[in-house]
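Reader: I would like a close look at one part of this model. Please keep it brisk.

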Amino acid sequence: QDKDRISKMNRRRADMLVEAAEQLNLQFYLQIVRQLRFEAAEAIIAILDVKLDQADEAGGNPGPHSVKKINTLIRQAYQQLEKFIDSARDLKGELPAVIPEEIVRPFLLCKFHMARLHGKIIVADAASRIENLKKSLSLHKEIDAYCRKQPKAADLFAEELQLTQEMLTLLPRQLDSIAARSK
């Protein structure tokens, strides 16, 4: 009951944040739009976590409706995170070699959440699962590489960087395990 109420509250919050972000001019309100996108993604991820908890409580095998809902939430959160990342691109569509200090932590958090979301997508076949985990691994590698080149970023992102480094160890094992089971 409480979880449903929290999900509904976060859904309203996410919808309002996305709507506000869509209405503002990115050129003039860049920081505000970034903040709205990031908060919208966090609200959607909070809903996702509730849905995943409910699926686990129901025995770990969600039904088709739950799978569709979970994957839709993942896609929606991913889109908001991607829009935040895209806001850092230059006119040629390139990301700067050094992310501006005022957004480096949220930028890396977006990448971190995107990696996590790839690992949560529910798919029926092993090949799709492997593909999603490879994307997750790739994002974790990007985070790690950036933090190695930019020690200031590593300091700002220390706790999550430690988790990223753990994932760099765990994901290849998980990929090998899934590949071995699918043969």
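How much space lies in the largest pocket? Please take in its lining, and then the helix that follows from there.

Author: This is a predicted model. About 270 Å³ of space lies in the largest pocket. Its lining counts 13 residues. Nearest the centre are Leu52, Gly60, Lys120, Ile121 and Ile122. Two elements give two or more residues to this lining: helix H2 (30-57) and H4. H2 provides the largest share, three residues. By class, the lining has eight nonpolar, two polar and three charged residues.

Now follow H4, residues 101-120. Its axis comes within 9 Å of the axis of helix H3 (residues 64-86). The two cross at roughly 150 degrees. Angles over 145 degrees count as roughly antiparallel, and H3 and H4 are therefore roughly antiparallel to each other. The crossing of H3 past H4 is left-handed.

On the H3 side, the contact is made by Ile74, Ala77, Tyr78, Leu81, Glu82, Phe84 and Ile85. H4 answers with residues including Phe107, Met114, Leu117 and Lys120. Twelve residues of this contact are nonpolar, two polar and three charged.

Phe107 leads on to the second largest pocket, where it lies nearest the centre along with Pro96, Ala97, Glu142 and Tyr146. That pocket holds about 220 Å³ of space. H4 and helix H5 (126-149) each supply at least two residues of its lining. H5 gives the largest share, five residues. Here the classes are nine nonpolar, one polar and three charged.

Terms used:
Residues are numbered from 1 along each chain as its sequence is written. This is a predicted model: local features need pLDDT of at least 70, side-chain atom pairs count only at pLDDT 80 or more; totals for chains, interfaces and linings use all residues. Side-chain values use heavy atoms; hydrogens and water are left out. Axes are lines fitted to C-alpha atoms, for helices over the stretch in contact, and angles run from 0 to 180 degrees between N-to-C directions. Helices (H or I, at least four residues) and strands (E, at least two) are DSSP runs, numbered from the N terminus. Angles under 35 degrees count as roughly parallel, over 145 as roughly antiparallel, 65 to 115 as roughly perpendicular and the rest as oblique. A crossing is left-handed if the near helix is turned anticlockwise from the far one by less than a right angle, and right-handed if clockwise. Contact means heavy atoms within 4.5 Å. Ala, Val, Leu, Ile, Met, Phe, Trp, Tyr, Cys and Pro count as nonpolar, Asp, Glu, Lys and Arg as charged, and the others, Gly among them, as polar. On a 1 Å grid over the protein atoms alone, a cavity is a set of points where a 1.4 Å probe fits but cannot get out, and a pocket is an open set with protein on both sides within 12 Å along at least five of seven lines; lining residues have an atom within 4 Å of a point. Grid points are joined across faces, edges and corners, and a volume is the space filled by probe spheres set on the points.
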